[in-house]
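Have the model open as you read.

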Amino acid sequence: MPKIETADSISTIVPVYFDSALIAKFYLNEPGREAIRNLAKNAGIVVTSGIAVAEISAAFHRKFREGAVDRDVFDALHGQFRHDLTNGLWRLIGPTEALLEQVRTFFVRLDRSVFLRSLDALHLITAKAEHFDRIYSNDRHLLSATASIGLEGVNPIPKQSPQPFPRHPEKPTGARKPRRK
């Protein structure tokens, strides 16, 4: 007997666009990792620019260079990322000549008050060209530029309350040591 699907049994897959920073955080043990993984899992399809391969590899190398991860973890990160690319976890959109030309013209008309890096602009242009209404990122510069291209910028990482600095009883706040002459 054939299986009959009902409206309740059909799940709607709504692709999302991540910039490279979020994809890197998907792998790195940093605050917000679980929120990013849940968003990616619930979306089913995550789209990004092909430049993400270089940017994420560079992010892993920065963690290795800074000593935040050792060689084994660094190699494991690259291995998992390569596996996920091969198996379609990330849908890459290549930076075509047409997209690069759109980036150029975007910068020509971009207000001088907007700080935007070149690869972040390519993410914005790629998301817009792929008909996304929003882009997910935690990069404040990219997020502040989204309105310039007609996208909604969403930071999926929950804000954490700032932790108060512990006060040392032997050092009253605001007091200064007298200067020695």
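First, some ground rules. This is a predicted model, in which local features need pLDDT of at least 70 and side-chain atom pairs count only at pLDDT 80 or more, while totals for chains, interfaces and linings use all residues. Residues are numbered from 1 along each chain as its sequence is written, and side-chain values use heavy atoms, with hydrogens and water left out.

Two packed helices are described by the angle between their axes and the distance between the axes. Helices here are DSSP runs (H or I, at least four residues), numbered from the N terminus. Axes are lines fitted to C-alpha atoms over the stretch in contact, and angles run from 0 to 180 degrees between N-to-C directions.

Start with helix 3 (residues 52-65) and helix 4 (residues 71-86), whose axes lie 9 Å apart at an angle of about 165 degrees. That makes helix 3 roughly antiparallel to helix 4 (over 145 degrees; under 35 is roughly parallel, 65 to 115 roughly perpendicular, and the rest oblique). On the helix 3 side, the contact (heavy atoms within 4.5 Å) is made by A52, V53, I56, S57, F60, H61 and F64, and helix 4 answers with R71, F74, L77, H78, F81 and L85. Sorted by class, this contact has 9 nonpolar, 3 polar and 1 charged residues (Ala, Val, Leu, Ile, Met, Phe, Trp, Tyr, Cys and Pro count as nonpolar, Asp, Glu, Lys and Arg as charged, and the others, Gly among them, as polar).

Helix 3 has another partner: its axis and that of helix 1 come within 9 Å and cross at roughly 50 degrees. That makes helix 1 oblique to helix 3. Here S20, I23, A24 and Y27 of helix 1 meet A52, E55, I56, A59 and F60 of helix 3, a contact with 7 nonpolar, 1 polar and 1 charged residues.

Helix 5 brings L99, L100, Q102, V103, F106 and F107 to S118, A121, L122, L124, I125, T126 and A129 of helix 6.

Now for the space in between. The largest pocket holds about 320 Å³. Of its 20 lining residues, S20, A21, A24, A59 and R62 are the closest to its centre. Helix 1 (20-27), helix 3 and helix 6 each give two or more residues to the lining, and helix 3 gives the most, with 6 residues. By class, the lining has 7 nonpolar, 4 polar and 9 charged residues. In these terms, a pocket is an open set of points on a 1 Å grid over the protein atoms alone where a 1.4 Å probe fits, with protein on both sides within 12 Å along at least five of seven lines, and lining residues have an atom within 4 Å of a point.

Conventions. Grid points are joined across faces, edges and corners, and a volume is the space filled by probe spheres set on the points.
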